[in-house]
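Thank you all for coming; I would like to take a few minutes to go through one model with you. Please keep the sequence and the structure in view while I talk.

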Amino acid sequence: MNFVAIDFETANNAQSSACALGLVKVESGVIVERREWLIKPTPFEMGFYQNKVHKIELMDLVDKPAFDEIWDELKPLLENQVVIAHNASFDFGVLNSVCSHYNIKPIKFTRMCSIALSRMAWHNERGYGLSTLVKSKLDNYSFNHHDALADAEACAQLVLKVLNVLSLSSIQEIQYYKSSRLQIKRSSRVKTIKKVFEGTINECLNNPFRKKEVVFTGTLEYFVRKEAEALVKKIGGFPAQFVSSRTKYLVVGQYDINRTKSSKIQKAEQLALEGYNVKIIGEKEFIEMMSV
(Lines give C-alpha, C1' and ligand atoms only; values in the text may rest on other atoms or scores of the structure.)
Protein backbone atom coordinates (compact mmCIF):
# COMPACT_ATOMS: atom_id res chain seq x y z
CA MET A 1 0.00 0.00 0.00
CA ASN A 2 2.17 2.83 -1.28
CA PHE A 3 0.76 6.30 -1.95
CA VAL A 4 1.03 9.98 -1.05
CA ALA A 5 -1.81 12.00 0.47
CA ILE A 6 -1.88 15.78 0.13
CA ASP A 7 -3.99 18.73 1.22
CA PHE A 8 -3.82 22.36 0.11
CA GLU A 9 -5.22 25.41 1.87
CA THR A 10 -5.71 28.62 -0.09
CA ALA A 11 -5.51 32.26 0.98
CA ASN A 12 -8.27 33.66 -1.22
CA ASN A 13 -10.58 32.78 -4.10
CA ALA A 14 -7.74 32.48 -6.62
CA GLN A 15 -6.84 28.84 -7.28
CA SER A 16 -3.17 29.84 -7.40
CA SER A 17 -3.25 31.21 -3.83
CA ALA A 18 -1.85 28.12 -2.07
CA CYS A 19 -0.83 29.17 1.44
CA ALA A 20 -0.34 25.78 3.11
CA LEU A 21 0.40 22.25 1.96
CA GLY A 22 0.41 19.04 3.96
CA LEU A 23 1.85 15.79 2.61
CA VAL A 24 1.90 12.29 4.07
CA LYS A 25 3.82 9.42 2.48
CA VAL A 26 2.63 5.84 2.99
CA GLU A 27 4.76 2.78 2.29
CA SER A 28 3.55 -0.79 2.85
CA GLY A 29 0.51 0.54 4.69
CA VAL A 30 2.55 2.60 7.17
CA ILE A 31 3.03 6.38 7.31
CA VAL A 32 6.75 6.91 6.86
CA GLU A 33 6.96 10.66 6.25
CA ARG A 34 5.03 13.81 7.12
CA ARG A 35 5.79 17.18 5.53
CA GLU A 36 4.15 20.58 5.73
CA TRP A 37 4.81 24.00 4.26
CA LEU A 38 3.44 27.46 4.80
CA ILE A 39 3.56 29.25 1.45
CA LYS A 40 3.56 32.91 0.47
CA PRO A 41 0.40 33.06 -1.70
CA THR A 42 -0.18 34.70 -5.01
CA PRO A 43 -2.00 37.03 -5.04
CA PHE A 44 -0.82 38.08 -1.58
CA GLU A 45 -4.26 38.55 -0.01
CA MET A 46 -6.21 36.74 2.70
CA GLY A 47 -9.92 36.22 2.19
CA PHE A 48 -12.30 36.50 5.13
CA TYR A 49 -13.83 33.08 4.49
CA GLN A 50 -10.50 31.33 3.98
CA ASN A 51 -9.07 32.82 7.18
CA LYS A 52 -12.17 31.75 9.09
CA VAL A 53 -11.72 28.17 7.84
CA HIS A 54 -7.99 27.55 8.37
CA LYS A 55 -7.09 30.41 10.79
CA ILE A 56 -3.88 31.27 8.91
CA GLU A 57 -3.05 34.98 9.13
CA LEU A 58 -1.53 36.89 6.24
CA MET A 59 1.25 38.24 8.44
CA ASP A 60 2.28 34.62 9.16
CA LEU A 61 3.07 34.21 5.45
CA VAL A 62 5.09 37.35 4.74
CA ASP A 63 8.48 35.69 5.09
CA LYS A 64 7.45 32.23 3.84
CA PRO A 65 8.75 30.85 0.54
CA ALA A 66 6.69 31.15 -2.63
CA PHE A 67 5.55 27.90 -4.21
CA ASP A 68 8.30 27.86 -6.82
CA GLU A 69 10.85 28.00 -3.99
CA ILE A 70 9.58 24.75 -2.44
CA TRP A 71 9.09 22.93 -5.75
CA ASP A 72 12.52 21.29 -5.83
CA GLU A 73 11.72 19.83 -2.41
CA LEU A 74 8.16 18.81 -3.33
CA LYS A 75 8.67 17.43 -6.85
CA PRO A 76 10.44 14.14 -5.92
CA LEU A 77 7.72 13.42 -3.36
CA LEU A 78 5.00 13.54 -6.04
CA GLU A 79 6.63 12.43 -9.28
CA ASN A 80 5.62 8.93 -10.47
CA GLN A 81 3.60 8.38 -7.28
CA VAL A 82 -0.05 7.63 -6.60
CA VAL A 83 -1.23 10.94 -5.12
CA ILE A 84 -4.55 11.10 -3.28
CA ALA A 85 -6.54 14.04 -1.95
CA HIS A 86 -9.98 14.38 -0.40
CA ASN A 87 -12.12 16.25 -2.93
CA ALA A 88 -9.23 15.90 -5.34
CA SER A 89 -10.59 18.32 -7.94
CA PHE A 90 -9.89 21.17 -5.52
CA ASP A 91 -6.36 20.15 -4.50
CA PHE A 92 -5.19 19.16 -7.97
CA GLY A 93 -6.83 22.31 -9.32
CA VAL A 94 -4.69 24.35 -6.91
CA LEU A 95 -1.57 22.40 -7.88
CA ASN A 96 -2.22 22.89 -11.60
CA SER A 97 -2.96 26.58 -11.17
CA VAL A 98 0.05 27.44 -9.02
CA CYS A 99 2.38 25.43 -11.30
CA SER A 100 0.99 27.29 -14.29
CA HIS A 101 1.49 30.62 -12.54
CA TYR A 102 5.17 29.89 -11.98
CA ASN A 103 5.66 28.17 -15.37
CA ILE A 104 6.54 24.91 -13.64
CA LYS A 105 6.67 22.00 -16.07
CA PRO A 106 3.99 19.33 -15.33
CA ILE A 107 5.17 16.04 -13.84
CA LYS A 108 3.70 12.56 -14.12
CA PHE A 109 1.79 11.00 -11.26
CA THR A 110 -1.47 9.08 -10.75
CA ARG A 111 -4.28 11.14 -9.24
CA MET A 112 -7.00 9.67 -7.03
CA CYS A 113 -9.78 11.08 -4.85
CA SER A 114 -10.48 9.63 -1.42
CA ILE A 115 -14.14 10.64 -1.75
CA ALA A 116 -14.49 8.39 -4.80
CA LEU A 117 -12.61 5.61 -2.99
CA SER A 118 -14.84 6.01 0.06
CA ARG A 119 -17.97 5.68 -2.05
CA MET A 120 -16.68 2.28 -3.19
CA ALA A 121 -16.42 1.08 0.41
CA TRP A 122 -19.43 2.77 1.98
CA HIS A 123 -22.63 3.32 0.00
CA ASN A 124 -25.39 5.79 0.77
CA GLU A 125 -23.59 7.74 3.49
CA ARG A 126 -25.24 10.99 4.57
CA GLY A 127 -22.09 12.83 3.59
CA TYR A 128 -18.58 12.17 2.31
CA GLY A 129 -16.80 15.17 3.78
CA LEU A 130 -13.48 14.42 5.43
CA SER A 131 -14.59 15.19 8.99
CA THR A 132 -17.83 13.25 8.53
CA LEU A 133 -16.09 10.11 7.30
CA VAL A 134 -13.31 10.31 9.88
CA LYS A 135 -15.89 10.56 12.67
CA SER A 136 -17.97 7.64 11.40
CA LYS A 137 -15.28 5.30 10.03
CA LEU A 138 -12.08 5.85 12.02
CA ASP A 139 -12.54 4.76 15.61
CA ASN A 140 -11.11 7.10 18.26
CA TYR A 141 -9.37 9.24 15.63
CA SER A 142 -9.40 13.00 16.01
CA PHE A 143 -7.70 15.68 13.96
CA ASN A 144 -7.51 19.44 13.51
CA HIS A 145 -9.67 19.85 10.43
CA HIS A 146 -8.38 22.39 7.86
CA ASP A 147 -4.84 22.14 9.12
CA ALA A 148 -3.10 21.02 5.90
CA LEU A 149 -0.93 18.31 7.46
CA ALA A 150 -3.74 17.03 9.70
CA ASP A 151 -6.09 16.80 6.71
CA ALA A 152 -3.48 15.00 4.61
CA GLU A 153 -2.91 12.46 7.38
CA ALA A 154 -6.66 11.97 7.91
CA CYS A 155 -7.01 11.38 4.17
CA ALA A 156 -4.23 8.78 4.31
CA GLN A 157 -5.82 7.00 7.28
CA LEU A 158 -9.17 6.98 5.50
CA VAL A 159 -7.65 5.45 2.35
CA LEU A 160 -5.97 2.73 4.44
CA LYS A 161 -9.34 1.98 6.01
CA VAL A 162 -10.98 1.80 2.56
CA LEU A 163 -8.36 -0.67 1.35
CA ASN A 164 -8.96 -2.78 4.45
CA VAL A 165 -12.74 -2.76 4.02
CA LEU A 166 -12.40 -3.76 0.35
CA SER A 167 -9.77 -6.41 1.21
CA LEU A 168 -7.25 -4.88 -1.19
CA SER A 169 -3.54 -5.19 -0.59
CA SER A 170 -2.43 -2.27 -2.77
CA ILE A 171 -3.77 0.97 -4.16
CA GLN A 172 -3.09 -0.36 -7.67
CA GLU A 173 -5.80 -3.02 -7.15
CA ILE A 174 -8.45 -0.29 -7.01
CA GLN A 175 -8.74 -0.16 -10.82
CA TYR A 176 -9.26 -3.93 -11.00
CA TYR A 177 -11.81 -3.74 -8.19
CA LYS A 178 -13.73 -0.96 -9.98
CA SER A 179 -13.77 -3.00 -13.20
CA SER A 180 -14.99 -6.11 -11.35
CA ARG A 181 -17.77 -4.17 -9.60
CA LEU A 182 -18.86 -2.68 -12.92
CA GLN A 183 -19.20 -6.13 -14.45
CA ILE A 184 -21.14 -7.34 -11.39
CA LYS A 185 -23.38 -4.28 -11.60
CA ARG A 186 -24.05 -4.86 -15.29
CA SER A 187 -24.76 -8.54 -14.73
CA SER A 188 -27.21 -7.68 -11.97
CA ARG A 189 -29.03 -5.21 -14.22
CA VAL A 190 -29.27 -7.55 -17.16
CA LYS A 191 -30.61 -10.30 -14.89
CA THR A 192 -33.36 -7.91 -13.77
CA ILE A 193 -34.19 -7.07 -17.39
CA LYS A 194 -34.24 -10.73 -18.35
CA LYS A 195 -36.60 -11.42 -15.48
CA VAL A 196 -38.97 -8.71 -16.69
CA PHE A 197 -38.94 -10.15 -20.23
CA GLU A 198 -39.13 -13.79 -19.11
CA GLY A 199 -42.24 -15.56 -20.40
CA THR A 200 -43.17 -12.78 -22.83
CA ILE A 201 -40.08 -12.14 -24.88
CA ASN A 202 -40.55 -15.04 -27.29
CA GLU A 203 -44.21 -14.16 -27.86
CA CYS A 204 -43.52 -10.52 -28.75
CA LEU A 205 -44.05 -10.78 -32.50
CA ASN A 206 -44.32 -7.00 -32.93
CA ASN A 207 -41.02 -6.23 -31.24
CA PRO A 208 -39.25 -3.63 -33.44
CA PHE A 209 -36.00 -5.63 -33.43
CA ARG A 210 -37.60 -8.84 -34.70
CA LYS A 211 -36.02 -9.88 -38.03
CA LYS A 212 -33.86 -6.74 -37.95
CA GLU A 213 -30.07 -6.48 -37.91
CA VAL A 214 -28.81 -4.75 -34.76
CA VAL A 215 -25.24 -3.55 -34.13
CA PHE A 216 -23.78 -2.24 -30.85
CA THR A 217 -20.96 0.27 -30.37
CA GLY A 218 -19.30 1.83 -27.35
CA THR A 219 -19.39 0.84 -23.69
CA LEU A 220 -22.86 -0.22 -22.58
CA GLU A 221 -24.02 0.78 -19.12
CA TYR A 222 -26.68 -1.85 -18.52
CA PHE A 223 -25.30 -4.82 -20.43
CA VAL A 224 -22.19 -6.74 -21.23
CA ARG A 225 -22.30 -6.60 -25.02
CA LYS A 226 -22.56 -10.36 -25.54
CA GLU A 227 -25.60 -10.44 -23.25
CA ALA A 228 -27.25 -7.61 -25.19
CA GLU A 229 -26.62 -9.45 -28.45
CA ALA A 230 -28.07 -12.63 -26.93
CA LEU A 231 -31.26 -10.75 -26.01
CA VAL A 232 -31.60 -9.45 -29.58
CA LYS A 233 -31.21 -12.98 -30.88
CA LYS A 234 -33.76 -14.30 -28.39
CA ILE A 235 -36.48 -11.97 -29.67
CA GLY A 236 -35.79 -12.94 -33.27
CA GLY A 237 -33.36 -10.21 -34.25
CA PHE A 238 -29.98 -10.56 -35.92
CA PRO A 239 -27.03 -9.18 -33.92
CA ALA A 240 -24.10 -8.18 -36.12
CA GLN A 241 -20.56 -6.95 -35.51
CA PHE A 242 -20.31 -4.40 -38.32
CA VAL A 243 -22.57 -1.72 -39.78
CA SER A 244 -23.69 -2.45 -43.34
CA SER A 245 -26.56 -1.67 -45.69
CA ARG A 246 -28.50 -4.44 -43.91
CA THR A 247 -28.22 -2.77 -40.49
CA LYS A 248 -31.48 -1.37 -39.18
CA TYR A 249 -30.42 -0.26 -35.69
CA LEU A 250 -27.12 0.94 -34.26
CA VAL A 251 -27.24 1.00 -30.43
CA VAL A 252 -24.72 3.47 -29.05
CA GLY A 253 -23.15 3.14 -25.60
CA GLN A 254 -22.76 6.15 -23.33
CA TYR A 255 -19.03 6.62 -24.05
CA ASP A 256 -19.69 7.13 -27.74
CA ILE A 257 -22.63 9.43 -27.16
CA ASN A 258 -20.72 11.74 -24.84
CA ARG A 259 -17.14 11.65 -26.15
CA THR A 260 -16.51 10.82 -29.78
CA LYS A 261 -17.99 9.16 -32.85
CA SER A 262 -16.90 5.60 -33.46
CA SER A 263 -16.30 4.30 -36.98
CA LYS A 264 -19.64 2.46 -36.71
CA ILE A 265 -21.49 5.72 -36.02
CA GLN A 266 -19.78 7.42 -38.94
CA LYS A 267 -20.69 4.51 -41.22
CA ALA A 268 -24.33 4.54 -40.07
CA GLU A 269 -24.60 8.29 -40.62
CA GLN A 270 -23.17 7.91 -44.12
CA LEU A 271 -25.65 5.12 -44.94
CA ALA A 272 -28.53 7.26 -43.65
CA LEU A 273 -27.42 10.11 -45.94
CA GLU A 274 -27.41 7.65 -48.82
CA GLY A 275 -31.03 6.77 -48.10
CA TYR A 276 -30.68 3.53 -46.14
CA ASN A 277 -33.14 3.02 -43.29
CA VAL A 278 -30.69 2.79 -40.40
CA LYS A 279 -31.57 4.26 -37.01
CA ILE A 280 -29.04 5.33 -34.38
CA ILE A 281 -30.40 4.95 -30.84
CA GLY A 282 -29.06 5.07 -27.29
CA GLU A 283 -29.00 2.17 -24.87
CA LYS A 284 -31.93 3.42 -22.80
CA GLU A 285 -34.07 3.77 -25.92
CA PHE A 286 -33.01 0.23 -26.87
CA ILE A 287 -34.27 -1.04 -23.51
CA GLU A 288 -37.56 0.85 -23.84
CA MET A 289 -38.11 -0.54 -27.34
CA MET A 290 -37.30 -4.06 -26.12
CA SER A 291 -40.12 -3.84 -23.59
CA VAL A 292 -42.77 -2.70 -26.11
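Which residue just after α8 takes a positive phi? G236 does, with a phi of about 95°. Before I go on, a word on the basis: this is a predicted model, in which local features need pLDDT of at least 70 and side-chain atom pairs count only at pLDDT 80 or more, while totals for chains, interfaces and linings use all residues. Residues are numbered from 1 along each chain as its sequence is written, and side-chain values use heavy atoms, with hydrogens and water left out. When I say helix or strand, I mean DSSP runs numbered from the N terminus, H or I of at least four residues for helices and E of at least two for strands.

Let me stay with α8, which spans residues 225–234. Its buried residues, buried being under 20% relative accessible area with a 1.4 Å probe and protein chains only, are A228, E229, L231 and V232. They lie on the same side of α8, because the arc they cover around the axis is only 155°, taken from the directions from the helix axis to the C-beta atoms. On the other side of α8, K226 and K233 are exposed, that is, over 50% on that scale.

Finally, the largest pocket contains about 390 Å³ of space. Of the 18 residues that line this pocket, D7, F8, E9, F90 and H146 are the closest to its centre, and the elements giving two or more residues to the lining are β1 (3–10), α1, α3 (88–101) and α5. A pocket here is an open set of points on a 1 Å grid over the protein atoms alone, where a 1.4 Å probe fits, with protein on both sides within 12 Å along at least five of seven lines, and lining residues have an atom within 4 Å of a point.

Definitions and conventions: Points joined across faces, edges and corners; volume = space filled by probe spheres on them.
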